[in-house]
Amino acid sequence: MNGSNKFEYNSKLKTRFLGLLIVGIVLTVVGMATGASMDRFWSNYLLDTILFLGISVLAIFFLTAHQIAMSGWHIMVKRVPEAMSQFSKVGAIFMLVIIVGLWAGYHNLYAHWDNPFVKEKMVTLEELEHYETEHADHLGGHEKDYSRVWQEFQYDGKAEVEEHHADEHHATDHKVELVANDQGEVVNPHYDRLIADKHGYLNKTFWTIRSIAYLLLWVGVAITLRKFSLKEDLEGTTKWFLRTKFWSAIFLIIWAVTSSTMAWDWVMSLDPHWYSTLFGWYNFVSLWIACLCTIVLILIYLKRNGYLAELNENHLHDLGKYIFGFSVFWTYLWFSQFMLYWYGNIPEETRWWLDRARTNYKGIFYANLIINFLFPFLTLLRRDAKRNLNVLTIVASVLILSHWLDFFLMIMPPTVGDHWGIGFLEVGLFMTFAGLFLYLVFGELAKASLVPEKHPLYRESLDHHI
Amino acid sequence: MANKKIIYGLYDDEVILIDAVKKVRAEGLKIHDCYTPFPVHGLDDAMGLRMTRLHSAGFIFGATGTLTALTFILWVTTNNYPINYGGKPYLSLPAWIPITFELTVLFASVGMFLTYLYLNRLAPGVKAEIVDERTTSHLFAMTFELDEHTSDSKKEEIRKVLAASGAVEIHEKEL
């Protein structure tokens, strides 16, 4: 115990984080060199960007929600999410690469809906032939999906609906049925009504505007709140507390909307036929648990290294209760989403689970449920467990990885289909992001006292007892 | 119960009470119980009470509820009265989960509620043992149990320690 609340960012720690980053990059390169496809790279890039950007943005949520609830206990832990929230600046840049990539064609992540041809109902035969030659690889693969079955069913009713066996036919087989009209146009066999109908919302321009707006709003609030908090350290008046309160309320309104739309735009739109109104919450809770686990791990690290002398098991108990409670809530959302579609049994809706539970994702599908629900439920159920640093360390580390897995299961099936894997690339890219995240977050921690002693509710936090 | 004799000290502040509890325990005296008008944080720790085992009982009640629901629905839907709902198999676990959840919560909460009443000897019509009526509004009591073997010198010692630890009143009473 050195009892100090000024974090010293020593070079040993820096080297360790940079080492993690470099090993991550090397593993990623090894993964790419040993045959991982670009689709797989971009899917993983999106996954890690969403996870780490999400963790940093949820850190803002942690601060603002507690501020609005006038919570006193969290003052002791406040500086950690505050430092984490500053990573949103870097996370936003990572996300910008994906946004630019959509326009520049780096990746095919959103190719399902970012495809003007499938939105045209009538096309000329030349256009059709051109399209089919251009997309010959995809039309035979996983992209030649149930949408064809669906649109045929909707529009001419002539084609036989042979569900789930689309691979046995070639797209061109259907051309025999095409009869041109007076303008020389035929009904586009690739026309996808579900995607065409969503065009008003799900189009490149609006998607880009929305995505950039989310990033600007989040990063703006993160910078503002950090600035207020640091000024409070110097001046100690309630002025900054009240200003923080105002911006916290604003952020919560922003977050109420953007948490859902972010999940629709960046994750759910990978598979634009399928939709779920719970999806936004589901993503939010997944990221929220990952964020809480990160806070707990950083706090325990600091505590074990002699900082945060006043932080005691009561504060950690509260965070443990959050992790426990939200893991149950995550399961509640998982199950609510699943059961309604299972009961309804509409092919276009159940397909999302068939893609996961009846394919080679099966193992991950069940593992996801067990690790994210049963594991924290049984380990954190007891009061002693939530107050035990070792138990919390293990549970928090496992849950961060298992929520990575949760996103893996959401992102991979529509982007790489059966050709997924967890190898050098996946591990490497996760380590790259984790290394950079830790390097920058600990850098932020070193910039200010670990406990905001001038905060009006500081005393209350000291006396926290449950 | 009629011949249960106690000696108790009354305090007018919870901070003094907690310090007094620590002091009295340090003297080696065994406190019977403390009565306060509102929950006092840190009093349990100061008195050295063990954690309640009510939540362990809750877990067992909950698990009983889970098992009851699952076995009963299993028996009804596959054995006693199988009905085909929308082409689903008779053994449809997802459809049972909501009921299982409800029954788990019901068993756990009702079970814990009744256990709590039993442990605290509370029920409609039962007369509560109130040491001093003022402990329900503004005073804090620390009590010691007495029996026929308790010597006068021991009583005297308790009175002294209570007075020294800041008690505003000290009484002896038969409940």
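Against which helix do the buried residues of H3(B) pack? They pack against helix H4 (93–119) of chain B, where contact requires C-beta atoms, placed from the backbone, within 7 Å. This is a predicted model, in which local features need pLDDT of at least 70 and side-chain atom pairs count only at pLDDT 80 or more, while totals for chains, interfaces and linings use all residues. Residues are numbered from 1 along each chain as its sequence is written, and chains are lettered from A and ligands numbered from 1 in the order in which they are written.

Remain on H3(B) and select B:Phe61, B:Gly62, B:Gly65 and B:Ala69, the buried residues of this helix (buried: 20 or more other C-beta atoms within 10 Å of the residue's own, with C-beta atoms placed from the backbone). Helices here are DSSP runs of H or I with at least four residues, numbered from the N terminus. Next, select the whole of H3, residues 54–80 of chain B: its end C-alpha atoms lie 36 Å apart, which agrees with the 39 Å that 27 residues should span at 1.5 Å a residue (1.5 Å times one less than the number of residues).

Move to chain A and select residues 389–416, helix H16, which reaches 39 Å from its first C-alpha to its last. Centre on A:Met410, where H16(A) bends by about 30° (the angle between axes fitted to the seven residues ending there and the seven starting there). A:Pro413 follows within four residues. Beyond the helix comes A:Gly417, with a positive phi near 60°.

Finally, select the contact: six residues come from chain B and seven residues from chain A.

Technical notes:
Contact = placed C-beta atoms within 7 Å. Helix = DSSP H or I, 4+ residues; strand = E, 2+ residues; numbered from the N terminus. Buried ≥ 20, exposed ≤ 12 C-beta atoms within 10 Å, placed from the backbone.
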